[in-house]
Amino acid sequence: MEALEEIVPFLSKNARLDLRVVSLSHVLGGFFLSGLTGSAEGIQLLVKNETLLNNLLNLTSEESVAKDAVLCLVNITAEVIGAAVVVDKLSERLVPAAYEAILDEGCRLSDAWCMVLCNITRPEHLVERVLKHLLAIEFALEKLTTCFTRINYNKQKCHLNYLGPLFSNVSQSKAGRDVFCNQATGLLRRLLPFVHHEGSIVRRGGAVGLLKNVCFDSSVHEWLLSEEINVLPFILLPLAGPEELDDETNDKLPVDLQYLGPDKKREEDPDVRKMLVESLAQLCATRKGRSHLRGQGTYEILRELHKFECSPDGDKVVLSAVENVVDILIRTEEEIGEDNLKELEIPDDVKAKIDSMSEEAGK
């Protein structure tokens, strides 16, 4: 702790440049103090020093040391305790600084700033506080969507892929979902194609996470399944494989899924497949949603996916998720007996059992 106190003054904007450079390298990953931001223990030590954190944020605007300063913030916020303290102590200044850097086409550190925003919105209990600062900036999410959807927006070869997980994280909040589901701005429609983006699993996974979170709100299901937005083909296409289907089944499927051919590749990442299947599960909440899914060949796609998940290349967690959705789709509405499954009153003992099962699945 004493050693840490000794280097804090050298992280000030007023310190000599060579001392700032050396001190930052020690904090980021040097031998001194074992590279504090490289370990959970080091981060716990760092976040106790508010002056140091403020100095780091100040140095992000100093071109000569900005890279190391931002990378320190990336590492610190990667741990939940670090993210929580940064949100508590710095978010009022940090969120606008990150936003401006990402919007700057010539910024070399846009990717790192995307990661900082992604890190501090990952824990659900921090989302509302970060989102408050973002929404205080006029059209912030709309402008960030433009940065994301314009490939090669950044002229310094920053890819901005981590805006995808940021959008997913922000949509954990109802206020965030409302922005993306604004029919006037059409943000969700602009982001849906990235559900199929092959160039980056980070970008693709973020878009799928956003879609899953949006599907959580049954009040927008009718719009999501309407011709205006029509999310179902975006969900089903990555789940479909090269299996040959008969003409009757193909006629039932959305046009984008008909006669896909033997070279069709199914989504390789099991976490992404799981989120897509979970999106279908959410859309099964209402009678209208279940009827629409049945009429569009969802069961048939899931039937083939089930076979794949049972194979050596499959995943047991995804398999379980598939079986849950299939179990709903194969039942008649008389058997289900509820128009909206989200309105069901679940007994406390059953809730506890479900929570226990969810915890076990997450281990």
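Is Phe167 buried or exposed? Phe167 is buried, at a relative accessible area of 2%, where buried stands for under 20%, exposed for over 50% and partly exposed for what lies in between, with a 1.4 Å probe and protein chains only.

Before I go on, a word on what we are looking at: this is a predicted model, in which local features need pLDDT of at least 70 and side-chain atom pairs count only at pLDDT 80 or more, whereas totals for chains, interfaces and linings use all residues. Residues are numbered from 1 along each chain as its sequence is written, and side-chain values use heavy atoms, with hydrogens and water left out.

Let me start with the chain as a whole. Of its 363 residues, 48% count as buried. The accessible surface of the chain comes to about 18,200 Å², and 50% of that belongs to carbon and sulfur atoms, the areas coming from the Shrake-Rupley method with a 1.4 Å probe and, for residues, with only the protein chains shown counting as cover. If we take contacts, meaning heavy atoms within 4.5 Å, between residues at least 6 apart in sequence, then 69% of them join residues at least 24 apart.

Now back to Phe167 and its partner. A search of the whole structure finds three aromatic pairs; rings of Phe, Tyr and Trp (its six-membered ring) pair if their centres lie within 6.5 Å, and planes under 30 degrees apart count as stacked, over 60 as edge-to-face and the rest as tilted. Phe148 and Phe167 have ring centres 5.5 Å apart and planes at 75°, so this pair is edge-to-face. Because Phe148 lies in helix α9 (residues 140–149) and Phe167 in helix α10 (residues 163–170), the pair ties together parts that are 19 residues apart in sequence. Phe148 is buried too, with a relative accessible area of 1%, and ring pairs link Phe148, Phe167, Phe180 and Phe194 into a cluster.

In the loop between α9 and α10 we find Lys157, which has a positive phi of about 70° although it is not a glycine. Lys157 is exposed, with a relative accessible area of 72%.

Helix α9 also packs against helix α8 (residues 124–135), at an angle of about 90° and with the axes 8 Å apart. Axes here are lines fitted to C-alpha atoms, for helices over the stretch in contact, and angles run from 0 to 180 degrees between N-to-C directions. The two helices are therefore roughly perpendicular to each other, given that angles under 35 degrees count as roughly parallel, over 145 as roughly antiparallel, 65 to 115 as roughly perpendicular and the rest as oblique. On the α8 side Leu131, Leu134 and Leu135 meet Ala140, Leu141 and Leu144 of α9.

My last stop is Tyr259, in the loop between α16 (247–252) and α17 (270–283). Phi of Tyr259 is near 50°, a positive value in a residue other than glycine. Tyr259 touches Asp247, Asn250 and Asp251, leaving aside residues up to four places away in sequence, and from C-alpha to C-alpha it is 9.0 Å from Asp246, which is 13 residues away in sequence.

How values were computed
Helices (H or I, at least four residues) and strands (E, at least two) are DSSP runs, numbered from the N terminus.
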